[in-house]
Amino acid sequence: MKFGIDIGHNSPPDTGARGIKFEDQLTSDLGNRIIIKLRDLNHQVIECKPQKSRSITDSLQTRCNIANANKVDLYVSIHFNAFNSLANGTEVFAISSTGRQFGQTVLDEITKLGFFRRGLKNGSHLYVLKKTIMPALLVECCFCDARKDMRIYDPEAMANAIVKGLTGKLPGENEPVIYIPDEEDNPNKNVLRLQRALNRMKFTGQDGKLLVEDGIIDTQTKIAVENFQKVTAIQQTGIVTNITWAAINQILSKRILRRNHAGGVAVRYVQYRLGADNDGIYGPQTEELVKGFQQQNSLAVDGIVGSITWTQLIG
C-alpha cells in the first residue's frame with residue numbers, strides 16, 4: 001500500500017501548537033517513527049511535508065499536491081491538539097467512508113494506550129481532507145498542553161498504535177520466536193540470521209568475541225541477545241520474540257537520524273556504539289559524538305546519521 005504521511009506543521013510560517021511540549025517537535029518525532037515502521041512492513045511511503053512555505057495556505061496546498069501527484073492510497077496527517085490545558089484525549093477526522101474506516105481502527109488502537117476517546121469526527125472543514133483526492137484522515141493524537149496526556153504519551157507506543165491501526169500489524173510480528181537455552185541444539189536458519197544480525201551490530205557473547213555463525217543456539221548467542229535487549233530497553237529474557245525482531249529490523253533498516261528528528265531503538269543503538277547516555281533521545285551530546293565519529297572516519301561532519309555513517313557503523 002502507498003501511504004502519504006503528512007508530518008503536521010514544521011514548515012514556517014506553518015508552525016504548530018505550543019503547550020507543555022511543542023507540536024512541531026512531537027509530530028516530527030512521531031511521524032518519522034511511523035514512516036520507518038510502515039517501510040519496515042514493506043509499504044511505500046510518500047512524505048508530504050513541504051520543505052518550506054510562503055504561507056500557511058501554501059503549506060497546506062503543497063502537502064495535498066504531493067499526495068495527489070504521487071497518487072497515494074491513503075493520506076494520513078499527524079497532529080497534536082492544544083486548548084485550555086484541561087481538555088485531553090484523541091480524536092480522528094475523516095470524510096470518506098474508507099477514511100472513516102481507517103480512522104476508526106487508528107482511534108481504537110490509540111485509546112488502548114489510555115487516552116480519552118474524543119471520537120471519530122467529520123473533517124469536511126479541514127483543508128487537507130477536502131483537497132486530497134484519495135481517502136484521508138487527520139489524527140489529533142492527544143493534547144500537548146494537557147498534563148494528563150503528556151504524562152502517558154510515549155512516542156514509540158503512539159507510533160505502534162497508529163501503524164497497527166493502519167495496517168493491522170507491526171514490524172516483526174510475523175518473525176519466528178527463538179528460545180535460546182543454555183544447551184546447544186540443531187542448526188537453524190533463523191538462529192543463523194539472528195547471529196549474523198548481532199555480529200553486524202557488534203553484539204558479542206560473554207567472551208567479548210563475535211558469535212560463531214553456525215545456526216546453533218548456545219550460551220554465547222543468548223548473552224549477545226540479552227546485551228542487545230539491554231541496550232534497546234527491551235526486557236532481558238534471551239528470548240527473541242517479535243519485539244526483539246522489530247528492534248533488530250529497525251536498526252538494520254538504517255533510517256536517517258538527526259537531532260530532534262527521530263528517536264527510539266535506532267538512537268539507543270547509536271548511543272551505545274558511540275558511548276553516549278543511552279536514553280533514546282537524539283540530543284546535543286549524541287550529536288557531538290556523531291560528529292566526532294564522522295570526523296575520525298573522514299566522513300562529512302554534519303551530525304546526521306545517514307547511509308554513509310550507518311555503513312561505517314554496521315556495513
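Analyst: A nonpolar core is a set of buried Ala, Val, Leu, Ile, Met, Phe, Trp, Tyr and Cys residues joined through side-chain atoms within 4.5 Å; buried means under 20% relative accessible area, exposed over 50%, and partly exposed in between, with a 1.4 Å probe and protein chains only. This is a predicted model, in which local features need pLDDT of at least 70, side-chain atom pairs count only at pLDDT 80 or more, and totals for chains, interfaces and linings use all residues. Residues are numbered from 1 along each chain as its sequence is written, and side-chain values use heavy atoms, with hydrogens and water left out.

The largest core has 36 residues, and those touching the most other members are L30, I34, L137, Y153 and I162. Two or more residues each come from β1 (2–7), α1 (23–40), β3 (74–81), β4 (90–94), α3 (97–111), β6 (136–143) and α6 (155–167). Here helices (H or I, at least four residues) and strands (E, at least two) are DSSP runs, numbered from the N terminus. Helix α6 supplies the largest share, six residues.

Now for I162: leaving aside neighbours within four places in sequence, I162 is in contact (heavy atoms within 4.5 Å) with L30, I34, I78, V106, I110 and C141. A second, separate core of 30 residues includes L194, A266, L274 and V290. In soluble globular proteins, nonpolar side chains tend to be buried together.

Helix α3 also holds E109, which is buried at a relative accessible area of 18%. Beyond neighbours within four places in sequence, E109 is in contact with A161, K164 and G165.
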